[in-house]
Amino acid sequence: MPEINTTEETIFDHLGDRPQVAALIDWTLLKLDKQSDSIHLSFTATEAFTNPAGTVHGGFIVAMLDECMGSAIVGLTDARFLPMTISMSTDFIKPVLVGTVFGEGHITSMGNSSAFLEARLSDGAGRTLARAIGTYRLLPFPHGPNHDARPH
């Protein structure tokens, strides 16, 4: 689990309310690390996210991984780009249980119009639960940092 850094101001402090999907999965910024081109987040998986087996449904897992990667682009570029998912490949490694899930998104390569990222979800003990790679189209961010929308 990454160290929580709540004192450093980031672009997310200026973008306003979280979008509905981020609020639904309880997107919480833990750390934005520009030196390693990565972001650390946490999410809360609720009972409402479970499948008949009692574990978190894959669609919610994919949403968390997508948020890790998209948020990395928004945060690490100071909201210069609005990331649009082109493709995403996901590996479901261990069942995700109800509770806190930790995520990390990392930019592996970025140009002027596209970016390649990796993401990983883990439990509180640091065990990898799922991972993904994604390709994103980079569009100009439609609003300045003081707008009340945070697309990611």
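Trainee: What should I know before reading the model?

Mentor: It is predicted: local features need pLDDT of at least 70, side-chain atom pairs count only at pLDDT 80 or more, and totals for chains, interfaces and linings use all residues. Residues are numbered from 1 along each chain as its sequence is written, and side-chain values use heavy atoms, with hydrogens and water left out.

Trainee: In what order do the strands of the open sheet lie?

Mentor: Terms come first. Helices (H or I, at least four residues) and strands (E, at least two) are DSSP runs, numbered from the N terminus. Two strands pair if DSSP finds at least two bridges between them. Here 6 strands make an open sheet, ordered β1-β2-β4-β5-β6-β3, with antiparallel pairing. β1 and β3 are the edge strands, each pairing on one side only. On average, neighbouring strands are turned by 25° against each other, direction ignored.

Trainee: How many bridges join β1 to β2?

Mentor: The two run antiparallel and are joined by 5 bridges. Leu 32 stands opposite Ile 39 in β2.

Trainee: Which strands does α2 lie across?

Mentor: Axes are lines fitted to C-alpha atoms, for helices over the stretch in contact; angles run from 0 to 180 degrees between N-to-C directions. Contact means heavy atoms within 4.5 Å. α2 lies across β1, β2, β3, β4 (99–110), β5 (114–122) and β6. Its angle to β3 is about 140°.

Trainee: Which residues of the largest nonpolar core touch the most other members?

Mentor: In soluble globular proteins, nonpolar side chains tend to be buried together. Buried means under 20% relative accessible area, exposed over 50%, partly exposed in between (1.4 Å probe, protein chains only). A nonpolar core is a set of buried Ala, Val, Leu, Ile, Met, Phe, Trp, Tyr and Cys residues joined through side-chain atoms within 4.5 Å. The largest one has 38 residues, and Phe 43, Met 64, Leu 117 and Leu 121 touch the most other members. β2, α2, β3, β4, β5 and β6 each give two or more residues to this core. α2 supplies the largest share, 9 residues.

Trainee: What does Leu 121 touch?

Mentor: Skip residues up to four places away in sequence; its contacts then include Phe 43, Ile 61, Met 64 and Leu 65. Arg 127 is also among them.

Trainee: Is Thr 135 buried or exposed?

Mentor: Thr 135 is buried, at 18% relative accessibility. It lies in strand β6. Beyond its neighbours within four places in sequence, its contacts include Met 84, Ile 86 and Phe 116.

Trainee: How many salt bridges does the structure hold?

Mentor: Side chains of opposite charge can pair when their charged atoms come close. A salt bridge is a side-chain nitrogen of Lys or Arg within 4 Å of a carboxyl oxygen of Asp or Glu. This structure holds 4. One joins Asp 78 and Lys 34 at 2.9 Å, N to O. That pair links distant parts of the chain, 44 residues apart: Asp 78 sits in the loop between α2 (58–76) and β3 (81–92), Lys 34 in the loop between β1 (28–33) and β2 (38–45).

Trainee: Which residue forms a salt bridge with Asp 91?

Mentor: Arg 131, with the closest N and O atoms 3.0 Å apart. Asp 91 is in strand β3 and Arg 131 in strand β6 (residues 128–140), so the pair ties together parts 40 residues apart in sequence.

Trainee: And Arg 127?

Mentor: Arg 127 forms a salt bridge with Asp 123, closest N and O atoms 2.8 Å apart. Arg 127 is partly exposed at 47%, whereas Asp 123 is buried at 15%.
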